[in-house]
Amino acid sequence: LSCSVIFASIPASTANPAPKPDPKAANASKPAPKPPADWHKQFERLDLNKDGKLETVDLLKWYRRSNPTCPLSTVEKFLQENDLDKDGALNEEEFVMAMEFVEAKKAAAKQVKK
């Protein structure tokens, strides 16, 4: 999980459009789709003290694995937006729902880019 999603712009060239690729050849080179993430297992791995909650420090460690400069404010915002019972931490249900929402947003963004 990264701190922010940056969409690269793809320059559109209308002067010399590229020939359309053979769909059969394109499908042969595509990697197999990734299986859905098991966010329940990820929650268990992140819940180091096994109290059933992910606090800011747990989430910050996780975020910083992929982005060492991730600001604390990003993690605090993620926690605040997804802490439905407002106890200051994410329980397993809140975490799984949040991550499934993140995945859905990423999938939608990919569809828009096509």
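User: How many salt bridges does a search of the whole structure find?

Analyst: A salt bridge is counted when a side-chain nitrogen of Lys or Arg lies within 4 Å of a carboxyl oxygen of Asp or Glu, and the search of the whole structure finds two. This is a predicted model, in which local features need pLDDT of at least 70 and side-chain atom pairs count only at pLDDT 80 or more, while totals for chains, interfaces and linings use all residues. Residues are numbered from 1 along each chain as its sequence is written, and side-chain values use heavy atoms, with hydrogens and water left out.

User: Which residue forms a salt bridge with Asp87, and where do the two lie?

Analyst: Side chains of opposite charge can pair when their charged atoms come close. Here Asp87 pairs with Lys53, the closest N and O atoms being 2.3 Å apart. Asp87 lies in the loop between α4 and α5 and Lys53 in the loop between α2 and α3, so the pair ties together parts that are 34 residues apart in sequence. Helices are DSSP runs of H or I with at least four residues, and strands are runs of E with at least two, numbered from the N terminus.

User: Are Glu81 and Lys77 buried or exposed, and how far apart are they in helix α4?

Analyst: Buried means under 20% relative accessible area, exposed over 50%, and partly exposed in between, with a 1.4 Å probe and protein chains only. Both Glu81 and Lys77 are exposed, and their side chains meet in a salt bridge at 3.9 Å, N to O. An α-helix has 3.6 residues a turn, so residues three or four places apart point the same way. Glu81 and Lys77 are four residues apart in helix α4, and are thus separated by about one helical turn.

User: Which residues have the most contacts inside the largest nonpolar core?

Analyst: A nonpolar core is a set of buried Ala, Val, Leu, Ile, Met, Phe, Trp, Tyr and Cys residues joined through side-chain atoms within 4.5 Å. The largest one has 18 residues, and those with the most contacts inside it are Leu54, Leu59, Trp62, Phe78, Leu90, Phe95 and Met99. At least two residues of this core come from each of α2 (39–46), α3 (56–66), α4 (72–82) and α5 (92–113), with α5 giving the most, five residues.

User: Which residues of α3 are buried, and what do they pack against?

Analyst: Contact means heavy atoms within 4.5 Å. In α3, Asp58, Leu59, Leu60, Trp62 and Tyr63 are buried, and the buried residues of this helix pack against α2, α4 and α5.
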